[in-house]
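Hello,

Here is the structure for your files. My notes on its salt bridges and nonpolar cores follow below.

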Amino acid sequence: MLLISDEKTLSREIDSLRKSGKLINFIPTMGNLHLGHSSLFKKSDNTDEIRVVSIFVNPLQFNDDKDFNNYPRTIESDKKKLLAEGVDVLFLPDAQIIKVVKFALRLGHIGRKLCGIDRSGHFEGVAKIILKFLDLIKPDFITLGEKDYQQLLVIKKIIKDLKIKTKVKSCPTVRDKDGIALSSRNKLLGKKIFLARYIPTVLKQITLEINEGSFELQRLNYFRDYLEKSGIDRVHYLEILNENNLFSISKLPCMSRVFIAISIEGVRLIDNMRIESKLACSSNGILNVSPK
Ligand code: AMP
């Protein structure tokens, strides 16, 4: 595995790897690697691909210094995991990389919804560093997790808007045995991790009720109250939105997802679940909630 910190070396090495005729697959991370990250490396485990992983805790996407400082950093064990996965290149940029990222970005509606409401500048920070990486690596693919679904949409949008040739691959969320989405932040919860189990429980219950045809959107208020009474400090949002554009829905259509963000003792957790409806969708995408 090539270990590179310098931008020019990265571009040069990638150019020479590309000459082998193999496609370049880029997987950006903030490190503290777990099985959710591994699923991204595995999905792209194709002999015709060169896998380039970055580890960078990007200050531009944190709007809280405490959150940035507390973010788990485990670089030595991460390197071992990447070696075991057979990753070709690990890019560990210097903190200076953000100094050159000075341009304004308009993410529109997708950047303003959900986490965009109370994490001002977060997605702009994500988009800026990803654009910088895409410019250096010029990958054929970028592989991202559905765990950060809004981030996935933001990156798809900038790639489309700026006519970048990189194709986006996405991987489903990897969960632990209790259904909790794996996240580097989970270990910050200590014993309070049991509270995180309410997240998949509520997401599954909502999708179940939708499939039973008994769900009204106002019912989300009940689940918000239920979560806050269960000991979770704050429910930042619990919403069902169109999964392609994050527009609100008045009826329950196909192609929607339920999105959640909560805080437990100052640790913010996000998750989402696709509404895999067993009910019939009409041609205009509206779900028939009373099919009998
Ligand atoms: P992070 O290191 O948290 O910035 O995540 C790096 C990439 O891994 C992003 O594309 C995430 O969506 C993805 N990822 C993080 N957790 C999971 C998970 N539990 N399942 C699948 N992908 C994940």
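Glu-209 and Arg-219 form a salt bridge, with the closest N and O atoms 2.6 Å apart. A salt bridge here is a side-chain nitrogen of Lys or Arg within 4 Å of a carboxyl oxygen of Asp or Glu. The pair links distant parts of the chain, ten residues apart: Glu-209 sits in helix 10 (residues 198-211), Arg-219 in helix 11 (residues 219-229). Helices (H or I, at least four residues) and strands (E, at least two) are DSSP runs, numbered from the N terminus. Glu-209 is buried, at 7% relative accessible area. Arg-219 is partly exposed, at 29%. The cut-offs: buried is under 20% relative accessible area, exposed is over 50%, partly exposed is in between (1.4 Å probe, protein chains only).

On sources: this is a predicted model, where local features need pLDDT of at least 70, side-chain atom pairs count only at pLDDT 80 or more, and totals for chains, interfaces and linings use all residues. Residues are numbered from 1 along each chain as its sequence is written, and side-chain values use heavy atoms, leaving out hydrogens and water.

The structure holds 19 salt bridges. Two others deserve a note.

Glu-243 meets Arg-257 at 2.8 Å, N to O. Glu-243 lies in the loop between strand 7 (234-242) and strand 8 (256-264), and Arg-257 lies in strand 8, 14 residues apart. Glu-243 is buried, at 6%. Arg-257 is buried too, at 5%. Shared partners join Glu-146, Glu-243, Arg-257 and Arg-274 into one salt-bridge network.

Asp-161 pairs with Lys-157, with the closest N and O atoms 2.8 Å apart. Both are in helix 8 (residues 149-161); being four residues apart, they are separated by about one helical turn. Asp-161 is partly exposed, at 42%. Lys-157 is also partly exposed, at 24%.

Now the cores. A nonpolar core is a set of buried Ala, Val, Leu, Ile, Met, Phe, Trp, Tyr and Cys residues joined through side-chain atoms within 4.5 Å. The largest has 40 residues; Leu-10, Val-52, Phe-133, Ile-137 and Ile-142 have the most contacts inside it. Helix 7 (residues 122-137) gives the largest share, ten residues. Domain 1 (2-171) and domain 2 (186-286) both contribute, so this core lies between them. The domain bounds come from an automatic or database domain assignment.

Ile-137 touches Leu-10, Ile-14, Arg-18, Ile-24, Phe-26 and Val-52, leaving aside residues up to four places away in sequence. Contact means heavy atoms within 4.5 Å. Apart from this core lies another, of 27 residues, including Ile-180, Leu-220, Leu-252 and Leu-269.

Best regards
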